[in-house]
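Have the structure open while you go through them.

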There are 2 protein chains.
Amino acid sequence: MAVNLARPEAASLHPVAGVRVGVAAAGIKKPGRKDLLLIALDPGATVAGVFTRNRFCAAPVLVAREHLASGSAIRALVVNTGNANAGTGDDGLARARKVCAAAAAQLGCRPVEVLPFSTGVIMEPLPVDRIVTGLPAAAAALTADAWLDAAEAIMTTDTVPKARSARVAVGRRTVTVTGIAKGAGMIRPDMATMLGFIATDAPLSTAGAQAMLAHATDRSFNCITVDGDTSTNDALMLMASGAAGGSTLEPGSLAFDAVRDTVTEIAAWLAQAIVRDGEGATKFITVRIEGGRSVEECRRVAYAIAHSPLVKTAFFASDPNLGRLLAAIGYAGLDDLDVAKVSLYLDDVLVAANGGRHPAYREEDGQRVMKQAEISVRAVLGRGDARATVWTCDFSYDYVKINAEYRT
Amino acid sequence: MAVNLARPEAASLHPVAGVRVGVAAAGIKKPGRKDLLLIALDPGATVAGVFTRNRFCAAPVLVAREHLASGSAIRALVVNTGNANAGTGDDGLARARKVCAAAAAQLGCRPVEVLPFSTGVIMEPLPVDRIVTGLPAAAAALTADAWLDAAEAIMTTDTVPKARSARVAVGRRTVTVTGIAKGAGMIRPDMATMLGFIATDAPLSTAGAQAMLAHATDRSFNCITVDGDTSTNDALMLMASGAAGGSTLEPGSLAFDAVRDTVTEIAAWLAQAIVRDGEGATKFITVRIEGGRSVEECRRVAYAIAHSPLVKTAFFASDPNLGRLLAAIGYAGLDDLDVAKVSLYLDDVLVAANGGRHPAYREEDGQRVMKQAEISVRAVLGRGDARATVWTCDFSYDYVKINAEYRT
């Protein structure tokens, strides 16, 4: 029941030269479903990553960070669903390392050249033997054009696989960007998605890839929330094979910016897809805060609205109980906010101004907007020039149902 | 369906000399239900209050603060349910003042000696004429022993009236404390309840009453959360008539402390009653964080757990999906938390230590505790001596239902 999010056509997902993906059904949580993804990179690729800031971050996050920090040339990424390998202590670290060793043996590289990723239930031992047993099938399946399979293999409570592809001309060459993501609950910044993988054949240095990824993340995965819970396993990776040819793109150059904007566009699409497929979501809501003193305070107000269970249940009910929006703005922590200067809009409808309901506001106008599947909330704070946007979804019976029954 | 919370016996609620309460059915939202409460204080009473910190605080909050700050001797409090008079701008202020003027006319005092309170839907004009029309009936009903009626008259989505009474010996005299509260959603600190009124016949100065109330609030209403939404109308008032006799109790004296502890006990009971009757609540959960560097950081961790929709839906499902607790501790914002030093207990069951599940933990032990109606979560951070406790409830289908259908 995702909001305006269709299953992508496999043909719309362009192969990325120098990057191959292969999936297998390893029986990690349930038998017979694709739950293991192997991504293989040709020699010379660079990889950048951003990770969850949760202190109880998962074992694979720790290992992936360590392998990236070692400066090794990354040759493979292994992703399993069905188990997060989080809250598992030293034993979890040992299991994540075993996965790297097994993948390295398959591909003929060193374990430190492999990055592990896990998603699923927390605080259960990772069934590492099943992953090791499944890896040869994933390796045998490696191909350049299985991105839809890859997107499916990393799903947990997602109802739609999330994948997107674009091409951009860079001088006389064409650069391809293809990304996949998963995540539907336990979603909030910093690092909102649970897992995202974006591949490009552009030639990038490691520092260039990292800068590009930071730019994209700030405009995509760090602008979404489903339930305010920051996951233990969030990771977003950018892999650049360089197979498009040409010399390394330098940050600040027009060519770099063209690729960066395409990567950002793909990242934003994937991040929004995660919200559209948010657990139990029936509405897609864009919260735009303007007229703040800083981006940071605009984000605080936007997240106060986007995290309020009262606001989210009102959206679910299509009930223009819009005082709840004012209340959320009021408790966002801007201690010197002058509420008389705040204006609140629902799409194009002016709801509140001068500290209260606008005289021209009519309930039926609010009702009309609330019934839409896509709604924009806009608040103008009247105290500066900064702005920020956050994307979120409503809060329905199904959110409770999905999360109450998650392990059954 | 409140959790272990019965309707109080009227006979258990002691009258407080010098304080009378009267209710009426003013038809503010629905006809025929008690929705208006008048509290009348004999001359010489002192009144202290703490209010919401929401910047979109309601018109009655602004007026009540103004009247208290004027130093006038407060003679009456007027409380209506069915409409919050919040997000109503200057017009809302004018309506709140009209309520004070009408109550003053009834009681033969000045409008500045009256404090107004409202609770209910936000951003709708207060039907002030109905309140003015209803006030004579409330005044005619004034009596010392209608505290259960009073508790009923301030209910909104509450399912049980909340009232509690106690007596304490102070030297050769007996002091009585009787309090009522309401609130079931839009509940979080600072100032968690929507409305609470505690009366005592102890003789207190205004400064003494304010200090006593701050002490009590910090150990009661500021320790609860249902949904993380800070209301626009929260107010907790302490009224001290002095009718018990004797000289004014000085802060720091044994007599003052005895009354203060009784007021705190009543406030804590009322605050917990609000959680037990939280919208859709099926479990009452005590979150105790120990071993922190400061009370503030312990509270941050406690609220991260208490606000997590994933944690709350797991409690609703009686599912010991306890990794969600670790995840919430991990994202509470303690950037230098050493997760290897954290221990997590569910009642007496040691769940996690050394960064992961404890080897002795067994799912059936977690399951046993999760099935209880009252559950204690205890996390020891291992980095200091501070501690804090927060009370909350689970998150059920009914929370969504109640809030999706609130205005229908």
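**Notes on the model**

1. Let me start at one residue. Apart from neighbours within four places in sequence, A:Phe395 is in contact with A:Pro309, A:Lys312, A:Thr313, A:Phe316 and B:Val400 (contact means C-beta atoms, placed from the backbone, within 7 Å). A:Phe395 sits in the loop between strand E16 (386-393) and helix H11 (397-404) of chain A. Helices here are DSSP runs of H or I with at least four residues, strands are runs of E with at least two, and both are numbered from the N terminus.

2. Is A:Phe395 buried or exposed? It is buried, because 33 other C-beta atoms lie within 10 Å; the cut-offs are 20 or more for buried, 12 or fewer for exposed, and partly exposed in between, with C-beta atoms placed from the backbone. A:Phe315 is 80 residues away from A:Phe395 in sequence, yet their C-alpha atoms are 7.6 Å apart.

3. A word on what we are looking at. This is a predicted model, in which local features need pLDDT of at least 70 and side-chain atom pairs count only at pLDDT 80 or more, while totals for chains, interfaces and linings use all residues. Residues are numbered from 1 along each chain as its sequence is written, with chains lettered from A and ligands numbered from 1 in the order in which they are written.

4. On confidence: the model scores ipTM 0.77 and pTM 0.83. Chain A has a mean pLDDT of 91, and 96% of its residues reach 70 or more (pLDDT is the predictor's confidence in each residue, from 0 to 100). Look at residues 188-193 of chain A, though: pLDDT is below 50 there, and the stretch has 30 contacts in the model beyond near neighbours in sequence.

5. Now the overall build of chain A. There are eleven helices and 16 strands, and the C-alpha atoms fill a box of roughly 70 × 55 × 40 Å along the principal axes. The radius of gyration is 22 Å, which agrees with the value near 22 Å for a compact globule of 408 residues; it is taken over C-alpha atoms, and the globule rule is 2.2 Å times the number of residues to the power 0.38. Buried residues account for 62% of the 408 in chain A. Of the chain A contacts between residues at least 6 apart in sequence, 82% join residues at least 24 apart.

6. Ten residues of domain 1 of chain A are in contact with eleven of domain 2 of chain A. On the domain 1 side, strand E9 (224-225) and helix H6 (254-276) of chain A each give two or more residues, and H6(A) gives the most, with three. That side divides into four nonpolar, five polar and one charged residue (Ala, Val, Leu, Ile, Met, Phe, Trp, Tyr, Cys and Pro count as nonpolar, Asp, Glu, Lys and Arg as charged, and the others, Gly among them, as polar).

7. What is the strand order of the open sheet in chain B? Its seven strands run E9-E16-E11-E15-E12-E13-E14, with mixed pairing; two strands pair if DSSP finds at least two bridges between them. Strand E9 (224-225) and strand E14 (356-357) of chain B stand at the edges with a single partner strand each, so one side of each has no neighbour in the sheet. E9(B) runs parallel to strand E16 (386-393) of chain B, joined by two bridges, and B:Thr225 stands opposite B:Thr392.

8. Strand E12 (343-346) of chain B is worth a look. B:Leu344 and B:Leu346 make up its covered face, B:Ser343 and B:Tyr345 its uncovered one. B:Leu344 has B:Ala379 as its bridge partner in E15(B) and stands opposite B:Ala352 in E13(B). E12(B) and E13(B) form a hairpin with two residues between them, and B:Asp347 in the turn has a positive phi of about 50 degrees.

9. Finally, the chain interface: 54 residues of chain B are in contact with 54 of chain A. H9(B) gives the most to the chain B side, with six residues. By class, that side has 25 nonpolar, 20 polar and nine charged residues.

Methods. Two residues are in contact if their C-beta atoms, placed from the backbone, lie within 7 Å.
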